[in-house]
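User: Please take a close look at one helix pair in this chain. I would like the context, then the packing in detail.

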Amino acid sequence: MTAADRPSPLAPHPAASLVISFVNTHAGGSGEQLENADGLRQWLRAAGHPDDAVSDADAATAREFRDALRTLLLAHSQNDAVPPDHVAHAEARLVRISDNAPLHAVTSRTTTTLVPARSGLWGAFGAILIAITELDRAGMWQRIKACRNEICHEGFLDRSRNASAIYHGPGCSSMVSMRAYRQRKKDSQ
Ligand SMILES: [Zn+2]
């Protein structure tokens, strides 16, 4: 791949959309979409990995996977508040998920593509792990972040030139500045 072939970090990327949509199954006050088997079934159908056999225990596994991903996305938004042991715990959880989400490498004369070896729930988890691998190869993994506003934590693709965004939008940025301003005012009284 030459530099010219690389996707621009400013362009939308399907792998980024998949990871972000999974993380945002609980973010920004939207409520918990993976509360139980029904919620998980709906998400899987929308993500193109239908699986009617999932249970409430699978929904709990999906939430653990998602929350571990969010921890890494928060660490990407330069959040010093994420302790290193939380990051290590999240990384270990992703490895455990990958133990059950085998991938196939489909190799042709010109390229190799990873595809999930299973269907349904574990196929979806495999697809998310593949998306992360693609983002990393494209130099974009660390641009997938979670908003630092603690009442938001929405996943987003940082499209800024110098990869310095820490909030998912101007609303959260001004909310946090306003909160800090009010706190300073209170402290000085
Ligand atoms: Zn936000």
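Analyst: The chain holds six helices and four strands. Helices (H or I, at least four residues) and strands (E, at least two) are DSSP runs, numbered from the N terminus. Their order from that end is α-α-α-α-β-β-α-β-β-α. The model is predicted: local features need pLDDT of at least 70, side-chain atom pairs count only at pLDDT 80 or more, and totals for chains, interfaces and linings use all residues. Residues are numbered from 1 along each chain as its sequence is written.

The C-alpha atoms fill a box of roughly 65 × 45 × 30 Å along the principal axes. Of the 189 residues, 34% are buried, meaning that 20 or more other C-beta atoms, placed from the backbone, lie within 10 Å of the residue's own.

Now the pair. Helix α3 spans residues 56-76 and helix α4 residues 84-99; their axes come within 9 Å and cross at roughly 135°. That angle makes α3 oblique to α4. Oblique covers whatever is left once angles under 35 degrees (roughly parallel), over 145 (roughly antiparallel) and 65 to 115 (roughly perpendicular) are taken out. Axes are lines fitted to C-alpha atoms, for helices over the stretch in contact, with angles from 0 to 180 degrees between N-to-C directions.

From α3, the contact uses Glu 64, Phe 65, Ala 68, Thr 71, Leu 72 and Ala 75. From α4 come His 86, Val 87, Ala 90, Arg 93, Leu 94 and Ile 97. Contact means C-beta atoms, placed from the backbone, within 7 Å. By class, eight of these residues are nonpolar, two polar and two charged. Nonpolar means Ala, Val, Leu, Ile, Met, Phe, Trp, Tyr, Cys and Pro; charged means Asp, Glu, Lys and Arg; the others, Gly among them, are polar.

Technical notes: Two residues are in contact if their C-beta atoms, placed from the backbone, lie within 7 Å. A residue is buried if 20 or more other C-beta atoms lie within 10 Å of its own, exposed if 12 or fewer, and partly exposed in between; C-beta atoms are placed from the backbone.
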